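Let's take a friendly walk through the inside of this protein. Have the sequence and the 3D view ready, and follow along residue by residue.

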Amino acid sequence: MSRIAEAFAHGKAFIPFITAGYPDLETTRQVVRAAQENGADLIEIGIPFSDPTAEGPVIQTANVRALEKGITTDMVLDFIRQIREDGSVTVPMVFMTYANVVYSYHEGGDGDRDGQDGSDRGRYGFCRKCAQVGIDGLILPDIPFEEKDQFEDACRCSGLDLISLIAPTSEDRIQTIAKEAEGFIYIVSSLGVTGVRSDITTDIGAITAKIREVTDVPCAVGFGISTPQQAARMAAQSDGAIVGSAIIRIIDQYQEQAAPHVGEYVRSMKEALKK
């Protein structure tokens, strides 16, 4: 069982999303620790990117502001290394990022394999570095299932789980995607980009039932969840809930003092999943 799968081994999992470097890396450090201390089972870290196509305006703005502060991929990797080495964060962590971030990554020296071109070095170098600093998996929302083999081998060589996404539009492909899933399956609750929604109408139970016919890999629901009631309803039909925009809104409000407020929010969400 991978470390990511272990996050689901003791009941419904709560997974917060946090944009690294917004408003600064020290605040991110405090927020990540507060999330773990208050019950987060797995933490999703967003690497700031200039064109985060899956994100709504709240997380897009966080990306822009982090980039304006000069946050780079290497800085985020070093940040993860620090919080792993000091022992303050022990829960599994995954990166949520985009293909271009991985393709364009340049670690010192040549790639591990003869004949690798620049994009190969980017993929293998990035995944190798992720594993070295303590990342457990990778979510790439802009990579279609049919193209995931471009990243699958690089992840496998470094011991990372490449997280599969299943959306309401996946339909006939749900079981095809689920059969090859590892770590956990990210069920996208709603069409469009991330962001708080007042109502989620997708039949998550039907999607989960199709997944369960072909795999026992746990699945968690994200996109649009913001309240304990929504989280409990989504988790009741799956194995966990993922929340991003609502957490970034708290950070928007409290900035450098956000950690205790995020911690309180995470605790309320985790408690809702236990009921």
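## Rings, a core and a cavity

Ring pairs link Phe 95, Tyr 105 and Phe 126 into a cluster. Rings of Phe, Tyr and Trp (its six-membered ring) pair if their centres lie within 6.5 Å; planes under 30 degrees apart count as stacked, over 60 as edge-to-face and the rest as tilted. Before going on, please note that this is a predicted model, in which local features need pLDDT of at least 70 and side-chain atom pairs count only at pLDDT 80 or more, while totals for chains, interfaces and linings use all residues. Residues are numbered from 1 along each chain as its sequence is written, and side-chain values use heavy atoms, with hydrogens and water left out.

The whole structure holds six aromatic pairs. Here are two of them.

| Pair | Geometry | Centre to centre | Angle between planes |
|---|---|---|---|
| Phe 49 and Tyr 98 | stacked | 5.4 Å | 20 degrees |
| Tyr 105 and Phe 126 | edge-to-face | 5.7 Å | 75 degrees |

Why does the pair of Phe 49 and Tyr 98 tie together separate parts of the sequence? Phe 49 lies in the loop between strand S2 (43–46) and helix H3 (57–68), and Tyr 98 in the loop between strand S3 (93–96) and helix H5 (99–103), so the pair joins parts that are 49 residues apart in sequence. Helices (H or I, at least four residues) and strands (E, at least two) are DSSP runs, numbered from the N terminus. Both Phe 49 and Tyr 98 are buried, a word that means under 20% relative accessible area, with exposed over 50% and partly exposed in between (1.4 Å probe, protein chains only).

In the other pair, Tyr 105 sits in the loop between H5 and helix H6 (118–133) and Phe 126 in helix H6, so parts 21 residues apart in sequence are tied together. Tyr 105 is buried, with a relative accessible area of 7%, and Phe 126 is buried too, at 0%.

Phe 95 also has a place in the largest nonpolar core: of its 98 residues, Phe 95 and Phe 184 touch the most other members. Such a core is a set of buried Ala, Val, Leu, Ile, Met, Phe, Trp, Tyr and Cys residues joined through side-chain atoms within 4.5 Å. Helix H12 (259–274) gives the most to this core, with six residues.

On a 1 Å grid over the protein atoms alone, a cavity is a set of points where a 1.4 Å probe fits but cannot get out; lining residues have an atom within 4 Å of a point. The second largest cavity has a volume of about 60 Å³, where volume is the space filled by probe spheres set on the points, joined across faces, edges and corners. Its lining includes Phe 17, Ile 59, Met 96 and Tyr 98. Strand S1 (13–19) and H3 are the elements that give two or more residues to this lining.

Finally, look at the backbone. A cis peptide bond joins Tyr 22 and Pro 23, with omega about 0 degrees, and Pro 23 is in the loop between S1 and H2. Phe 223 is not a glycine, yet its phi is positive, about 80 degrees. Phe 223 lies in the loop between strand S7 (219–222) and helix H10 (228–236), and counts as buried at 10% relative accessibility.

Note on methods. On a 1 Å grid over the protein atoms alone, a cavity is a set of points where a 1.4 Å probe fits but cannot get out, and a pocket is an open set with protein on both sides within 12 Å along at least five of seven lines; lining residues have an atom within 4 Å of a point. Contact means heavy atoms within 4.5 Å.
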